[in-house]
Amino acid sequence: MADFSIEILFRNMDHSDAVEADIRTKIAALERYSDRFIDCRVVVDAPHKHSQKGGLYDVHINIAMPGQDVVINRTGSQDHAHEDIYVAVRDAFDAAARKLEALVQKARENSRKQSK
């Protein structure tokens, strides 16, 4: 799998092996967009204990690459589907995939312009 460092943190909640495995699978899937990852940090932030039942998870992803970072901050404050930790993680990684795909496309376009 990855030859870059991966850090997965859980805030306001206990560590979950199942969620961590899901995150690692999703990180591996992102590698199809680039082989230039330096490191990847994922923070899953659970609702505070004093919040009402049905709190929403926040997921933050930071992928360091040479010359740039891809940063995704998905807060569940507006999407009640994010009461499910797996949905929150999925949505954050979908956003990361879209951002990486856009960066790859932009790099291709710049490369074509420079070769003309």
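Two strands are taken to pair if DSSP finds at least two bridges between them, and helices (H or I, at least four residues) and strands (E, at least two) are DSSP runs that are numbered from the N terminus. The structure described here is a predicted model, in which local features need pLDDT of at least 70 and side-chain atom pairs count only at pLDDT 80 or more, while totals for chains, interfaces and linings use all residues. Residues are numbered from 1 along each chain as its sequence is written, and side-chain values use heavy atoms, with hydrogens and water left out.

By this criterion, E3 and E4 form a hairpin with two residues between them, and Gly67 in the turn has a positive phi of about 80 degrees. The pairing of E3 and E4 is antiparallel and runs over seven bridges; within it, Ala64 stands opposite Asp69 in E4, and Asn62 has Val71 as its bridge partner in E4. E2 and E3 also pair in the antiparallel sense, over seven bridges, and here Asp39 has Ala64 as its bridge partner in E3. A positive phi is found as well at Asn12, where the angle is about 60 degrees although this residue is not a glycine. Asn12 belongs to the loop between E1 and H1, and its relative accessibility of 36% makes it partly exposed, where buried means under 20% relative accessible area, exposed over 50% and partly exposed in between (1.4 Å probe, protein chains only).

Strand E3 is mostly covered, with six of its eight residues buried. When neighbours within four places in sequence are left aside, Ile61 is in contact (heavy atoms within 4.5 Å) with Cys40, Arg41, Val42, Val70, Val71, Ile72, Ala92, Phe93 and Ala96.

The structure holds one aromatic pair. Rings of Phe, Tyr and Trp (its six-membered ring) pair if their centres lie within 6.5 Å, and planes under 30 degrees apart count as stacked, over 60 as edge-to-face and the rest as tilted. Because the rings of Phe4 and Phe37 have their centres 5.3 Å apart and their planes at 75 degrees, the pair is edge-to-face. Phe4 lies in the segment before strand E1 (5-11), whereas Phe37 lies in the loop between helix H1 (17-30) and strand E2 (39-45), so the pair ties together parts that are 33 residues apart in sequence. Phe4 counts as buried at 10% relative accessibility, and Phe37 counts as buried at 7%.
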